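Please read them with the structure open.

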Amino acid sequence: MSQDVPADSKSEQIAEDIRDAIRQGRLERGVLYSSRELGEMFGASRTPVREALLKLADLGLVRIERNRGARVVGQDGRGIVDLCSLRVLLEPPACRSAAAVMTSRDDEAMLAEYRIMERLADGGPEYFAADERLHELILAASGNRRLAKFVRELRQTLTLDGRHSVPRYQPVETALRDHRDIIDALRKRDGLAAERAMRLHLVRSGDLLVAHSSDNDRGLVAEWRRWVSVSVPEGEQITY
């Protein structure tokens with residue numbers, strides 16, 4: 001029997017590989033790449049490459065040009081507002097849900113990733129890899145696999161434009177404190193505190209990303225703040 005990788009899994013892997021290549025600078029923004037060229041680069045046929053490009057086009061990372069290929073475009077201020085807004089609407093409630101079902105094994109896994117971040121508090125690739133794994137642990141614990149997958153894609157897309165926020169615009173110590181507060185609340189199984197801590201972390205990061213990706217466009221900043229207000233339950237305030 002054939003052990004071929006399912007088409008959906010293949011296209012998702014290629015999409016992730018393309019995101020990594022953009023992040024690492026191996027695929028340059030503004031450059032047009034054909035499906036054949038990308039297929040040769042990533043060892044795949046044109047069909048899964050095209051499916052991967054459609055996924056990335058939905059995320060705003062590439063622009064499909066008919067009969068020519070895909071141009072790497074990245075996110076503009078509009079895209080950053082959209083992505084940050086989705087995260088702040090989805091991830092805090094998921095964090096609250098996770099608190100209700102987490103185990104001591106989850107606690108150990110979260111602390112292990114946090115210790116890596118603490119040891120490598122330089123805003124480098126390994127620091128961010130541990131950061132991503134920590135968030136994925138929390139989302140996985142929430143039990144909603146579709147939400148976890150969707151937010152993972154949002155995070156991967158944001159990291160292509162957003163890693164400059166740490167440590168260039170935000171001290172690593174601030175990000176570490178945010179993550180520690182999230183972990184402490186989850187270990188206490190305090191869902192409301194975990195939700196608030198996650199929301200504060202995402203709003204703090206989103207403020208920086210939106211401001212620096214939109215050149216402080218007042219309309220975009222106002223829209224981001226409107227989504228923040230929508231995400232905050234009545235009576236709760238975001239305090240920095």
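The points below go from the overall fold to charged side chains.

1. Basis. This is a predicted model: local features need pLDDT of at least 70, side-chain atom pairs count only at pLDDT 80 or more, and totals for chains, interfaces and linings use all residues. Residues are numbered from 1 along each chain as its sequence is written, and side-chain values use heavy atoms, with hydrogens and water left out.

2. Secondary structure. The protein chain has 10 helices and 3 strands. Helices (H or I, at least four residues) and strands (E, at least two) are DSSP runs, numbered from the N terminus. Their order along the sequence is α-β-α-α-β-β-α-α-α-α-α-α-α.

3. Overall dimensions. The radius of gyration of the protein chain is 19 Å, close to the 18 Å from the globule rule for 240 residues, so the chain is as compact as a globular protein of that length. The radius is taken over C-alpha atoms, and the rule is 2.2 Å times the number of residues to the power 0.38. The C-alpha trace spans about 55 × 50 × 35 Å along its principal axes.

4. Burial and surface. Of the 240 residues, 47% count as buried. Buried means under 20% relative accessible area, exposed over 50%, and partly exposed in between (1.4 Å probe, protein chains only). The protein chain exposes about 12,700 Å², and carbon and sulfur atoms supply 48% of that area. Accessible areas come from the Shrake-Rupley method with a 1.4 Å probe; for residues, only the protein chains shown count as cover.

5. Contacts. Take the contacts with a separation of 6 or more: residues 24 or more positions apart account for 71% of them. Contact means heavy atoms within 4.5 Å.

6. The protein chain carries 38 positive and 39 negative side chains, and the centres of the two sets lie 2 Å apart. Lys and Arg count as positive, Asp and Glu as negative; His and the chain ends are not counted. Each charge is placed at NZ of Lys, CZ of Arg, CG of Asp or CD of Glu.

7. Salt bridges. The count comes to 19, a salt bridge being a side-chain nitrogen of Lys or Arg within 4 Å of a carboxyl oxygen of Asp or Glu. A network of them links Arg63, Glu65, Arg68 and Arg71. Within it, Glu65 pairs with Arg63, with the closest N and O atoms 3.5 Å apart. Glu65 is buried at 13% relative accessible area, whereas Arg63 is partly exposed at 43%.

8. Helices H6 and H7. Which residue forms a salt bridge with Asp131? The partner is Arg155, with closest N and O atoms 3.8 Å apart. Asp131 lies in helix H6 (residues 125–142) and Arg155 in helix H7 (residues 145–162), so the pair ties together parts that are 24 residues apart in sequence. Asp131 is buried, at 9%. Arg155 is buried too, at 8%.

9. Within H7. Lys149 forms a salt bridge with Glu153, the closest N and O atoms being 3.0 Å apart. Both residues lie in helix H7, 4 residues apart, about one turn of the helix. Lys149 is partly exposed, at 39% relative accessible area.

10. Asp178. This residue sits in helix H8 (residues 172–187). Is Asp178 buried or exposed? Asp178 counts as buried, at 3% relative accessibility. Leaving aside neighbours within four places in sequence, Asp178 is in contact with His201 and Arg204. Asp178 and Ala197 are 19 residues apart in sequence, and 6.8 Å apart in space, C-alpha to C-alpha.
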